[in-house]
Amino acid sequence: AELLATQHELTGGIHNLIANAELLATYYNPAMLRLAAFVHLLPASQAHHHRGAGGMLRHSLEVGLWALQQTEGKLIRGVITPQQRRVIEPRWRLAVFLAGICHDLGKVVTDLTVTDRANAQRWRPYHQGVYDWALSHHIENYFLHWQEGRGKHHTNSIGDVAQLIL
């Protein structure tokens, strides 16, 4: 929660776009909290965009906010009646937001390895987030090891870790 609070301009933008306390409390806020616990202070890249501490969280929230902004005023194909729209639109917007915040999560599986100082404990992203892993192993500082030849391999691994956020 503390880490997510550092991104208040992005989370505030998301809250303004949704403007439904029940939807925010039930779906959006828990997903953002799980995202923050999962990626913790990981960067989004080694040498490009959002490469600093917490870059993956910031980048993911930016894309989630941008995706939500793109849903404004859009009509959903096949939704004809106002009643259908009231049911489908919040679900569609949530799906778009979740896709946005999860779009680069495969990078934590394919692009880097996270270990403790001694390289004795290794984070397993399919099991838990970085934050919970570090707490459970009493790790105060973790270390990143970037994989050579990463390319776009992360796009095939998004679904594997997205379930931890969804």
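## A tour from a pocket to the core

Begin by selecting Ala-1, Glu-2, Leu-3, Leu-33, Ala-36, Ala-37, His-40 and Tyr-131, which together line the second largest pocket of this predicted model. The volume of this pocket is about 170 Å³, and its lining divides into 6 nonpolar residues, 1 polar and 1 charged. If you colour by secondary structure, you will find that helix 1 and helix 3 each supply at least two of the lining residues, with helix 3 giving the largest share, 3 residues.

Next, select Gln-7, which sits in the loop between helix 1 (2–5) and helix 2 (8–18). Is Gln-7 buried or exposed? Its relative accessibility is 10%, and because buried means under 20%, Gln-7 counts as buried. Show side chains here, and you can see a polar contact of 3.3 Å between the side chains of Gln-7 and Thr-6. Beyond its neighbours within four places in sequence, Gln-7 is in contact with Leu-57, Arg-58 and Leu-61.

Now turn to the largest nonpolar core, which has 37 residues, and pick out Ile-14, Tyr-28 and Leu-42, those with the most contacts inside it. Elements that give two or more residues to this core include helix 2, helix 4 (55–71), helix 5 (82–102) and strand 1 (112–115), while helix 3 provides the largest share, 8 residues. In soluble globular proteins, nonpolar side chains tend to be buried together.

Terms used. Residues numbered from 1 in each chain as written. Predicted model: local features only at pLDDT ≥ 70, side-chain atom pairs only at ≥ 80, totals over all residues. Heavy atoms only, no water. Helix = DSSP H or I, 4+ residues; strand = E, 2+ residues; numbered from the N terminus. Buried < 20%, exposed > 50% of the residue type's maximum accessible area, 1.4 Å probe, protein only. Polar contact = N/O pair within 3.5 Å; in protein donor to acceptor, adjacent residues only side chain to side chain. Contact = heavy atoms within 4.5 Å. Core = buried A, V, L, I, M, F, W, Y, C linked by side-chain atoms within 4.5 Å. 1 Å grid on protein atoms, 1.4 Å probe; cavity = no way out; pocket = protein on both sides within 12 Å on 5 of 7 lines; lining within 4 Å. Points joined across faces, edges and corners; volume = space filled by probe spheres on them. Nonpolar A, V, L, I, M, F, W, Y, C, P; charged D, E, K, R; others polar.
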